[in-house]
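Dear colleague,

I am handing over the structure we spoke about, and below it you will find notes on what was found in it. Please read them slowly with the structure open beside you.

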Amino acid sequence: MRFASICSGSSGNCIYVNGGKTHILVDGGCSLKALNAALAQFSVTEGGLKAILITHEHSDHVNGAARIAKRFGIPIFASALTWEKLPFREDFLPWQRHTFEYGMEIGDLGLDFFRLSHDAVQPVGVLFEHNGKRVAVATDTGLVTPSMCKMLSNIEGLVFEANHCTDLLRCGPYPYYLKQRILSAHGHLSNIQSGMALASLIGERTQAVLLAHLSHINNRPELAMEQVCSQLCDCPHMEHVQISVAPRSTPHPLIEIY
Ligand SMILES: [Zn+2]
Ligand SMILES: [Zn+2]
């Protein structure tokens with residue numbers, strides 16, 4: 001399996017996942033131009049993309065989704081409740097609104113879903129499986145719930161949120177209500193929360209962790225890395241784990257899972 005971020009953060013999110021011959025996007029928060037450049041970089045041929053999965057209705061995850069789906073002639077999948085909130089739902093006839101189902105497969109990829117703790121109508125993370133290897137996308141959550149832990153424990157690849165440094169957020173320019181929202185159980189994971197969760201999720205099978213959805217105002221890549229890693233000092237598996245940060249508006253190099 002292979003995966004990478006195409007863009008990541010509050011201005012747009014799009015994650016690329018490949019298993020066998022199947023290429024999928026998680027969220028469509030990027031422009032066609034940025035997507036085309038990334039797909040060329042990842043050597044995805046015209047017609048290769050199979051679907052866009054929408055995790056929740058926030059604009060940073062859906063802004064470019066309808067344009068991408070129409071340009072590539074691919075379906076958009078979302079939960080039934082999320083579809084009701086998508087700004088472009090009227091452009092899709094009911095039979096064109098594909099919904100998530102447990103145990104579903106798209107091409108070579110098996111899919112499973114887990115509920116996130118976030119202020120959207122039905123936010124989900126996605127777990128992909130191909131040939132016994134698993135990659136999950138888990139951003140936009142204020143908590144790591146027990147069911148998330150169960151799904152994400154000791155998997156090969158993780159795209160995992162490290163949204164903010166709590167001190168930067170508290171002292172920063174955001175209005176009070178927005179700070180409270182981000183810090184809440186339905187907001188976003190701080191770097192320290194992310195590191196604490198990863199300390200229990202990373203196992204002997206884990207190969208790569210891509211820290212994602214960093215706040216532009218309340219985080220910095222090197223700070224996210226430092227604060228996350230500060231929680232991983234006692235993790236016995238770190239010598240075989242590649243940990244890196246998803247850039248805001250450029251693709252991360254492809255990460256390969258063996
Ligand atoms: Zn988001
Ligand atoms: Zn969100």
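This is a predicted model: local features need pLDDT of at least 70, side-chain atom pairs count only at pLDDT 80 or more; totals for chains, interfaces and linings use all residues.

Histidine 213 is not a glycine, and yet its phi is positive, at about 55 degrees. Is this histidine 213 buried or exposed? Histidine 213 counts as buried, because 27 other C-beta atoms lie within 10 Å and the cut-off for being buried is 20 or more.

With 13 other C-beta atoms within 10 Å, however, asparagine 154 is partly exposed.

The strands named above belong to an open sheet of seven strands, whose order is β7-β8-β9-β10-β11-β12-β13 and whose pairing is mixed. At its edges are β7 (105-106) and β13 (242-245), each of which pairs on one side only.

Within this sheet, strand β11 (residues 157-161) and strand β12 (residues 208-212) run parallel and are joined by five bridges, and in this pair glycine 157 stands opposite alanine 208 of β12. Helix α8 (residues 191-201) packs on the sheet, where it touches both β11 and β12, and the direction of α8 makes about 160 degrees with that of β11.

Conventions:
Residues are numbered from 1 along each chain as its sequence is written. Chains are lettered from A and ligands numbered from 1 in the order in which they are written. Two strands pair if DSSP finds at least two bridges between them. Helices (H or I, at least four residues) and strands (E, at least two) are DSSP runs, numbered from the N terminus. Two residues are in contact if their C-beta atoms, placed from the backbone, lie within 7 Å. Axes are lines fitted to C-alpha atoms, for helices over the stretch in contact, and angles run from 0 to 180 degrees between N-to-C directions. A residue is buried if 20 or more other C-beta atoms lie within 10 Å of its own, exposed if 12 or fewer, and partly exposed in between; C-beta atoms are placed from the backbone.
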